[in-house]
Amino acid sequence: AETACLVLIVLMLNLKESVSRRLPEQMTDLSNGAVLQVNMSSPAVNSTFLTTETVAVNGSASVGLGVPDVAYIFVIDTSLSTDEPDGDCGTVLDCVQAFFSKLHREANKDGSAELLAVINFDDIAHPSEGFLHPRKNSRKIEEEIAAGYPGGGTNCNDALLATTELVRSPKNTAGTTVVVFAGDGLCNEDYDPTAADELQRTGAIVHTVAVGDSVDCNISATTNYDDDTVGDYMENSLVDITQNGGVCTSVPDPETLPHIIDELIGTTLKAVKFQIDGGNYTHVPAGNLSDPLPREGATEVAFEMELPRLAAGRHEICVRAAGEDSLGGWANIEDCHEFTVAEPVRTGYQVELWLFCLVVSLTLIVVLSIGYVVIRRVTTGKEFDSQDSSSAASAPSDIHNYVSPKPVGARNIV
């Protein structure tokens with residue numbers, strides 16, 4: 001029987017793992033579950049460019065626009081004290097409900113919400129029907145947020161146990177669970193810190209919001225609400241419920257509740273950078289982005305630029321997107337494409353034309369050379385003729401004065 005139970009548990013764990021998404025290489029999750037991604041459409045992988053061409057780099061980076069992977073649980077204190085009037089939004093509960101209504105819309109807008117559930121609590125917890133799709137069941141969720149009414153005490157224990165049960169529910173198929181717990185007073189009804197510890201063990205990120213003047217986040221545990229000797233620390237402060245990186249936020253004025261939404265679930269696209277052939281990453285110039293960065297999510301920014309001329313060979317271009325969420329979590333994701341730059345290849349027609357031009361050039365060189373030689377020889381011959389004529393003109397011309405030499409042994413005849 002024990003073996004069968006263990007097998008069943010393993011199968012359930014594997015089932016939950018199997019329904020968790022497997023993100024492509026160009027996508028990753030921020031710590032709040034929002035998707036950060038970058039996609040490069042050009043240059044295409046293994047494409048080829050000539051050395052005479054420019055390489056265009058195009059694509060987009062986004063945050064909060066991928067497949068939602070966060071389950072949100074809204075835990076709302078509806079104890080009697082929330083019936084106190086507080087400003088233009090009405091009672092304290094009216095302000096808190098307006099906050100959660102806007103938080104619901106922002107979670108949808110942020111792009112991270114896959115599931116959402118609501119728990120109203122006073123003396124006991126009043127869970128909603130369970131997890132609902134935050135967009136498809138938007139009206140139903142709004143009704144559940146508004147369903148609570150003031151009355152009873154502040155039984156945080158029951159609310160936390162109900163929250164833990166929801167987090168561990170097989171219907172919670174999200175990779176990340178975020179709990180937002182809002183109350184206007186300290187927990188009573190025999191508060192037990194182990195309930196918060198049990199919730200911590202689920203791995204859920206638990207934010208708390210201390211609403212109004214009766215409670216804040218500047219105190220932590222030693223005594224309970226009913227103790228007359230309350231000192232500088234209180235065991236049942238909302239700060240003790242915060243778990244796994246969540247934050248406690250004090251909001252003395254309930255009307256300002258919507259201002260903290262970005263602190264709870266906000267995401268930001270911080271930067272887009274590029275790298276060539278393993279060099280340093282450089283920011284894509286602002287003029288090459290469709291919108292300036294940083295930019296709060298959910299958002300998408302396109303990039304378009306040209307690379308400097310590259311030498312012939314194999315190259316790699318990487319584009320990296322950086323994102324941040326309200327929990328202080330950072331993530332980087334990159335998309336890398338390899339491509340080739342080649343020298344231009346001559347076609348058959350281009351080769352024939354090149355050979356023709358070569359033959360013509362060589363022929364012209366030969367003709368010019370022969371012409372040069374002929375002209376040179378003609379010019380040289382004329383110079384020789386001119387020199388001969390000059391020599392003849394300067395020779396003696398009086399032949400009558402010439403006396404031939406007397407032969408040896410000759411006699412004079414008288």
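F181 is buried, with a relative accessible area of 1%, where buried denotes under 20% relative accessible area, exposed over 50% and partly exposed in between, for a 1.4 Å probe and protein chains only. The model is predicted, so local features need pLDDT of at least 70 and side-chain atom pairs count only at pLDDT 80 or more, while totals for chains, interfaces and linings use all residues. Residues are numbered from 1 along each chain as its sequence is written, and side-chain values use heavy atoms, without hydrogens and water.

Apart from neighbours within four places in sequence, F181 is in contact (heavy atoms within 4.5 Å) with V75, F121, C156, A159, L160, H207, T208, V209, L238 and I241. F181 is also one of the residues that, with I73, L238 and I241, touch the most other members of the largest nonpolar core, which has 32 residues. Such a core is a set of buried Ala, Val, Leu, Ile, Met, Phe, Trp, Tyr and Cys residues joined through side-chain atoms within 4.5 Å. At least two residues of this core come from each of β5, β6, α4, β8, α5 (194-200) and β9 (205-211); helices (H or I, at least four residues) and strands (E, at least two) are DSSP runs numbered from the N terminus. The largest share, six residues, is supplied by α4. A second, separate core of 27 residues includes V272, F303, F339 and V341.

A search of the whole structure gives four aromatic pairs. Rings of Phe, Tyr and Trp (its six-membered ring) pair if their centres lie within 6.5 Å, with planes under 30 degrees apart counted as stacked, over 60 as edge-to-face and the rest as tilted. F49 and F339 form an edge-to-face pair, at 5.8 Å centre to centre and 90 degrees between the planes. F49 lies in strand β3 (residues 47-50) and F339 in strand β16 (residues 330-342), 290 residues apart. Both F49 and F339 are buried. The pair of F121 and F181 is tilted, at 5.3 Å centre to centre and 45 degrees between the planes. This pair links strand β6, which holds F121, to strand β8, which holds F181, across 60 residues. F121 is buried, with a relative accessible area of 0%.

An open sheet of mixed pairing is formed by six strands in the order β7-β6-β5-β8-β9-β10, two strands being paired if DSSP finds at least two bridges between them. β7 (125-127) and β10 (248-251) stand at the edges with a single partner strand each, so one side of each is left without a neighbour in the sheet. Strands β5 (residues 70-77) and β6 (residues 113-121) run parallel and are joined by eight bridges.
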